[in-house]
Amino acid sequence: MGGLMDKVMADIGRGTVASVYLLCGDELVAREGARAIVDALVPADHQALSVETINEDAEAATVPARLRTVPLFGGTKVVVVRDTKAFVSKQNVGDLFRKSWEAWKARDAEKAARGFLQAAGVAGLDRPFLERAMQGELPAVLWKDLLTVPSTEESTQWVRETARRLVADGAEIPEAIGAGTAAVFEDLLKRGIPPGAVLILTAEVVDQRRALFKRIAETGVVVDCGVRTGKLGETQMKPEVARARIKEAVHRAGKRIDEGAATCIVERTGFSVRTLESELEKILLYVGDRTEVRTADVLAVLSSSREAGIFDLTNALEGRDVAGALHALRALAAQREGAQPILGMIAATIRSLLLARCALDGRLDGQIDPRLTYPAFQSRVLPRLAAEAGPDDGSAAKLRAMHPFRTFNLLKASSRFTLTDLLRGLDAIHQADLALKNTGQAEGVILETLALTLCGADARKG
């Protein structure tokens, strides 16, 4: 959370207390922040009677009455509402489905089911949707435009298991999820929170255009707990926050970690605190009594998963690393990953590089310093992508819609290719698709030949 949270705590220490705090972003980071605010407002021995925590939006209607209840021993009354959906909209549907997917992969079936149901409610879906999902019969367009999760054997299992659980439990998709809760909070803020009371809200997913969000931003305090500003509904940590948490956890364990290992962890786990901490625990157990966490340790622990194999493949393609691409393809084949899904991943990678190359040529004079650091990129290059001046075929706007860290890596990777390289790459992918469907050639040979073509025997070093 960084500086803003420090300011919040400093303000409370000086006696400047807001009537409402919204902590939005990663669930665990937001809860940590809410706990810190509660501890600053109410002495520990008074919290049992002065602090109330609500975990379900269904109880939101009771919040005004709870805030009016005077604490037995005086002092500040605090009501905490965790993971409210009062700020979601249809813009956030994909984020909600991805939260369900992440929870399922973390083996939290209950949270996965709850998130799946919430996403369906926001999207305005009906019970037949759950029944089709249970049977594995969702059309490709729903995977692409609604779930926004790649359709794979593993993700299909998530959908089927989660939908089956909801149908078996007789769960009903809620209507207009979040709207009723938002109305409660909007009315509460309009009337005014009682003197001596504080409302703390945490939310993983927000649409900053909601009237409730704007009101809190104007009259209370909004704390960014990893929300990637500039794109509505983003919920993950920024790379620098993830790195800080890694170093802090490693330091607590009495160890140190090199920069390469920290980067590897961030790239392979994403920016979810829950996933990050789970994988860090595995890595520290693997390291044992040694005092340093090395890149080799991270690779040994995190390289066996399908996600790691995909990362290795896309990373090798972006780096024009022939050997790495072949190794990743063989690892995915050993995990029995289908040739067509792999081809889809390759095509997505080349399309992303093509998008970045177009933006590079259109807005950035066709080049980017390979030594450029991420902070320097944020301060010097990102504003140029947002500027209205200069040619733009829409690629700059699409890059701006991505996470800045992904944009940073894509632009640097695209500088290793010419526009002609990438257009030829798309044609090679099309030919590989035809070969997979029509020739009867060995799938591994087709994909490895494609990798050689895309990386190129004369690949330039980035």
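Visitor: How do β2 and strand β3 pair, and over how many bridges?
Guide: β2 and β3 (residues 77–81) pair in the parallel sense, over 4 bridges. Strands here are DSSP runs of E, at least two residues, and helices are runs of H or I, at least four residues, numbered from the N terminus. Two strands pair if DSSP finds at least two bridges between them. Keep in mind that this is a predicted model: local features need pLDDT of at least 70, side-chain atom pairs count only at pLDDT 80 or more, and totals for chains, interfaces and linings use all residues. Residues are numbered from 1 along each chain as its sequence is written, and side-chain values use heavy atoms, with hydrogens and water left out.

Visitor: What stands opposite Ile 54?
Guide: That's Val 81, in β3.

Visitor: And what's the strand order in the sheet?
Guide: The order is β2-β3-β4-β1-β5, 5 strands in an open sheet with parallel pairing. β2 (51–54) and β5 (221–225) stand at the edges with a single partner strand each, so one side of each has no neighbour in the sheet. On average, neighbouring strands are turned by 15° against each other, direction ignored. The axes behind that are lines fitted to C-alpha atoms, for helices over the stretch in contact, with angles running from 0 to 180 degrees between N-to-C directions.

Visitor: Switching to aromatics: how many pairs are there?
Guide: The count is 7 aromatic pairs. Rings of Phe, Tyr and Trp (its six-membered ring) pair if their centres lie within 6.5 Å; planes under 30 degrees apart count as stacked, over 60 as edge-to-face and the rest as tilted. Take Trp 101 and Trp 104: the ring centres are 5.9 Å apart and the planes are at 15°, so this pair is stacked.

Visitor: Where do Trp 101 and Trp 104 sit in helix α5?
Guide: They are 3 residues apart in α5 (residues 93–105), which means a separation of about one helical turn. Both Trp 101 and Trp 104 are buried, where buried means under 20% relative accessible area, exposed over 50% and partly exposed in between (1.4 Å probe, protein chains only).

Visitor: What about Phe 116 and Trp 158, stacked or edge-to-face?
Guide: Edge-to-face, because the planes are at 80°, with the centres 5.8 Å apart. Phe 116 lies in α6 (residues 109–123) and Trp 158 in α9 (residues 153–168), so the pair ties together parts 42 residues apart in sequence. Phe 116 is buried at 0% relative accessibility, and Trp 158 is buried at 0% too.

Visitor: Which residues do ring pairs link into a cluster?
Guide: Phe 97, Trp 101, Trp 104, Phe 116, Phe 129 and Trp 158.

Visitor: Is Arg 320 buried or exposed?
Guide: Buried, at 8% relative accessibility.

Visitor: Last one: where is Phe 408, and how far from Leu 372?
Guide: Phe 408 is in helix α21 (residues 404–414) and is buried, with a relative accessible area of 6%. Phe 408 and Leu 372 are 9.2 Å apart, C-alpha to C-alpha, and 36 residues apart in sequence.
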